[in-house]
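Biologist: I have the model open and would like to go through it with you. Shall we begin with the charged contacts?
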Amino acid sequence: MTDLTLGALYGVVTLVVMCSGMPIAFALGVVAISFMYFFMPASSLDTVTQNVYEEMASITLLSIPLFILKGAAIGKSPAGKDLYSAIHTWLHKIPGGLGIANVFACALFAAMAGSSPATCSAIGSAGIPEMRKRGYSPGFAAGIIAAGGTLGILLPPSITMILYAVASEQSLGRLFLAGIGPGTLLVALFAGYAVFRARKEYGMAKAIYEAGGVKSPYLDTEHFTAREKVEMLPRVLPFIVLLIGVMVALYGGYATPSETAGPGALLALVLIAVVYKVWRPKDLSPILAATVKESTMLLLIIGMSLLYSYVMSYLHISQSAAQWVVDMHLSRWVLLSVILLMVVVFGFFLPPVSIILMTAPIILPPLKAAGFDLIWFGIVMTVVMEMGLIHPPVGLNIFVIKNIAPDIPLKEVIRGVMPFLGLMFLAVVLLCVFPGIATGLPEMMMGVKN
């Protein structure tokens with residue numbers, strides 16, 4: 001059996017097992033161990049636990065549970081709702097200001113939580129009811145939260161970027177810096193669309209009312225006094241302190257990206273204890289339980305994905321696939337397009353964690369040979385994987401929205417996210433035309449990459 005035939009068999013078996021409904025971690029482990037049994041020396045089965053341990057014995061991966069703890073501390077407390085309310089108070093006069101407030105709240109929360117589902121759930125639970133109460137269509141309200149939640153894997157500290165740094169052996173600090181420009185770009189695109197869509201829905205509501213129809217809440221105006229606005233500022237201050245504290249530790253040279261996870265988690269716990277009085281065991285229990293549950297799930301997927309990649313490498317599947325791609329002699333941009341299309345297709349079925357760990361051994365060598373900056377590609381790949389988070393049939397954020405707003409029909413949620421998929425595609429095109437959007441900040445702060 002040739003390497004490519006073996007690789008095709010490996011891929012087909014993986015798809016069959018995953019489509020059986022088995023959890024991703026167990027599916028990858030079953031496939032990897034099965035191929036070890038049939039195609040590798042019998043002694044290799046004795047080293048499964050050792051291989052998984054050695055692959056996961058990384059200080060970078062150790063930071064993941066701490067980042068999750070920081071996100072859970074904020075998400076399971078009133079902090080997310082307060083952040084959203086404060087931003088809305090200041091932006092309510094702008095057309096679509098409520099939508100913009102949700103985008104900004106998602107961005108700020110994502111910069112602290114590093115998790116898309118956590119961002120979606122924390123901001124959406126307050127934002128979606130408020131938008132619908134003020135006349136926003138259900139699809140638009142759901143779409144803007146689902147899309148805003150995807151910023152959780154792009155803005156630092158991103159768990160997805162941590163895994164990409166491990167898989168690609170790139171600087172995590174550079175990746176974090178490279179995510180800021182594209183993240184800001186997406187925030188601007190989402191906010192711009194929120195203004196456009198809100199103006200359109202306002203015009204429709206006004207036309208219906210003037211024609212003798214029912215008055216929409218869209219036409220009602222809100223007023224906040226200067227005093228009320230000032231009183232809202234302290235609600236944002238703790239988030240700013242947390243964000244600045246982590247950034248100073250990271251970019252001031254006091255801690256590595258991995259080491260900032262500890263102070264970040266500790267600051268988050270102190271914040272909710274001081275500001276929200278969340279310090280009793282019964283209050284902390286849901287936070288710790290959520291952290292353990294998500295960390296265990298994620299690390300199990302990582303461990304099995306690394307074992308899966310190890311088997312691919314041992315059987316020369318990844319090397320042969322990479323060489324096959326190189327031998328096709330595609331132009332560098334056609335090569336990039338083919339790889340990104342593959343990532344999009346994988347995103348229909350797999351979470352970003354699995355996509356990175358399963359595809360990195362195959363796609364990164366040809367891209368490096370073609371002269372692409374792997375830091376820049378990591379950002380582009382992250383944006384493409386963000387599209388998978390809100391793209392049917394298995395967009396994770398779509399189902400998070402359905403969980404927090406079960407009365408919104410699934411087809412409305414899907415229709416609401418489609419414009420944001422177009423905006424993400426536009427962002428990918430802009431990153432290809434202007435790579436400095438991603439590479440400019442890390443080069444300015446850390447020097448040109450050798």
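Biologist: How many salt bridges does the count come to?
Modeller: The count comes to two salt bridges. Please keep in mind that this is a predicted model.

Biologist: Which residue forms a salt bridge with R132?
Modeller: D407 is the partner of R132, and their closest N and O atoms are 2.6 Å apart. R132 belongs to helix α7 (residues 116-133), whereas D407 sits in the loop between α19 (396-404) and α20, so the pair ties together parts that are 275 residues apart in sequence.

Biologist: Is D407 buried or exposed?
Modeller: D407 is exposed, because its relative accessible area is 53% and the threshold is over 50%. R132, at 30% relative accessibility, counts as partly exposed.

Biologist: And what does E412 pair with?
Modeller: E412 forms a salt bridge with R415, with 2.8 Å between the closest N and O atoms. The two are three residues apart in helix α20, so about one helical turn separates them. In general, an α-helix has 3.6 residues a turn, so residues three or four places apart point the same way. E412 itself is partly exposed, with a relative accessible area of 23%.

Biologist: Turning to confidence, where in the chain is it lowest, and where highest?
Modeller: Helix α15 (residues 317-327) has the lowest confidence, at a mean of 71, and helix α20 (residues 410-433) the highest, at 90. For the chain, the mean pLDDT is 80, and 93% of the residues reach 70 or more.

Biologist: What about α14: how far apart are its end C-alpha atoms?
Modeller: The end C-alpha atoms of α14 (residues 281-314) are 47 Å apart. At 1.5 Å a residue, its 34 residues should span 50 Å, so the two values agree. After α14 comes H316, which has a positive phi, near 60°.

Biologist: Is α8 mostly covered or mostly uncovered?
Modeller: Helix α8 is mostly covered, with 11 of its 12 residues buried. Among them are F140, I144 and I145, along with glycines including G139 and G143.

Biologist: Now the surface. Which residues make the nonpolar patch?
Modeller: The patch is made by L4, W324, M328, L330, V334 and V338, and has an area of about 520 Å².

Biologist: Where does V338 lie?
Modeller: V338 lies in helix α16 (residues 332-347). With 46% relative accessibility, V338 counts as partly exposed.

Technical notes
Residues are numbered from 1 along each chain as its sequence is written. This is a predicted model: local features need pLDDT of at least 70, side-chain atom pairs count only at pLDDT 80 or more; totals for chains, interfaces and linings use all residues. Side-chain values use heavy atoms; hydrogens and water are left out. Patches are made of residues with over 30% relative accessible area and no salt bridge: like charges are joined within 9 Å, nonpolar side chains (Val, Leu, Ile, Met, Phe, Trp, Tyr) within 5 Å. Accessible areas come from the Shrake-Rupley method with a 1.4 Å probe; for residues, only the protein chains shown count as cover. A salt bridge is a side-chain nitrogen of Lys or Arg within 4 Å of a carboxyl oxygen of Asp or Glu. Helices (H or I, at least four residues) and strands (E, at least two) are DSSP runs, numbered from the N terminus. Buried means under 20% relative accessible area, exposed over 50%, partly exposed in between (1.4 Å probe, protein chains only). The expected span of a helix is 1.5 Å times one less than its number of residues. pLDDT is the predictor's confidence in each residue, from 0 to 100.
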